[in-house]
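Please read the following note with the sequence and the model side by side. Each point may be checked directly against the structure shown.

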Amino acid sequence: MTKRSDMADASCSYRRTGHDPQYGVWRLDSLTDREKEVLLLLGTGVGNRELARELGIAERTVKAHIANIVGKTGQETRTQAAIVSALAHESLCTDPECTRTLAKAPVQRRGPSAA
């Protein structure tokens, strides 16, 4: 009998499950500017109340924006949309002073170094 951990190591989890969060990034053009702003804030992990306060809109409006974002990006949940936001930060963020760059972050590898 094959152990579950052996199966998990057999292939990429994205390929195995058929769920690739990058797919939502490809659909960002379908979002309005306001939805992009909400998505960017959603990626910070704040709740609806704080999102509403930050944007100066009602919580109900935030919920409507999030529902639109989830649908337009082909996601199923708010959490999946937040992951898309984190993956697409550089595309969504228009702040020239922003220091958050995932692409330039050093890659940390586990295990002994190949020295």
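1. Basis of the note. The model is predicted, so local features need pLDDT of at least 70 and side-chain atom pairs count only at pLDDT 80 or more, while totals for chains, interfaces and linings use all residues. Residues are numbered from 1 along each chain as its sequence is written, and side-chain values use heavy atoms, with hydrogens and water left out.

2. Overall fold. The protein contains eight helices and zero strands; here helices (H or I, at least four residues) and strands (E, at least two) are DSSP runs, numbered from the N terminus. Read from the N terminus, the order of elements is α-α-α-α-α-α-α-α.

3. Burial and surface. The protein has 115 residues, of which 25% count as buried. Buried means under 20% relative accessible area, exposed means over 50%, and partly exposed lies in between (1.4 Å probe, protein chains only).

4. Contacts along the chain. A contact means heavy atoms within 4.5 Å. Taking contacts between residues at least 6 apart in sequence, 55% join residues at least 24 apart.

5. Packing of H4 and H7. Two packed helices are described by the angle between their axes and the distance between the axes. For H4 and H7, the angle is about 95 degrees and the axes are 8 Å apart. Axes are lines fitted to C-alpha atoms, for helices over the stretch in contact, and angles run from 0 to 180 degrees between N-to-C directions. H4 and H7 are therefore roughly perpendicular to each other; angles under 35 degrees count as roughly parallel, over 145 as roughly antiparallel, 65 to 115 as roughly perpendicular and the rest as oblique. Leu39, Leu40 and Leu42 of H4 make the contact with Arg78, Ala81, Ala82 and Ser85 of H7. By class, these residues are five nonpolar, one polar and one charged.

6. Packing of H5 and H6. Helix H5 (residues 48-55) and helix H6 (residues 59-72) have axes that come within 8 Å and cross at roughly 105 degrees. H5 and H6 are therefore also roughly perpendicular to each other. On the H5 side the contact is made by Asn48, Arg49, Leu51 and Ala52, and on the H6 side by Glu59, Val62, Lys63 and Ile66. This contact divides into four nonpolar, one polar and three charged residues.

7. Salt bridges. How many salt bridges are there? The count comes to three, where a salt bridge is a side-chain nitrogen of Lys or Arg within 4 Å of a carboxyl oxygen of Asp or Glu.

8. Glu37 and Arg34 form a salt bridge at 2.8 Å, N to O. Both residues belong to helix H4 (residues 33-42) and are three residues apart, about one turn of the helix. Glu37 is partly exposed at 36% relative accessible area, and Arg34 is partly exposed at 29%.

9. Bridges between helices. Lys72 and Glu35 also meet in a salt bridge at 2.8 Å, N to O. This pair links distant parts of the chain, with Lys72 in helix H6 and Glu35 in helix H4, 37 residues apart. Lys72 is partly exposed at 29% relative accessibility, whereas Glu35 is buried at 3%. Another salt bridge joins Glu59 and Arg49 at 3.4 Å, N to O. Glu59 lies in helix H6 and Arg49 in helix H5, so this pair ties together parts 10 residues apart in sequence. Glu59 is partly exposed at 30%, while Arg49 is exposed at 56%.

10. Two residues of H7. Is Ser85 buried or exposed? Ser85, which lies in helix H7 (residues 78-87), is buried at 2% relative accessibility. Not counting residues up to four places away in sequence, Ser85 touches Leu39, Leu40, Gly43 and Leu92. Arg78 is also in helix H7 and is partly exposed at 29%. With the same exclusion of residues up to four places away, the contacts of Arg78 include Leu42, Val46 and Ile66.

Notes:
Nonpolar A, V, L, I, M, F, W, Y, C, P; charged D, E, K, R; others polar.
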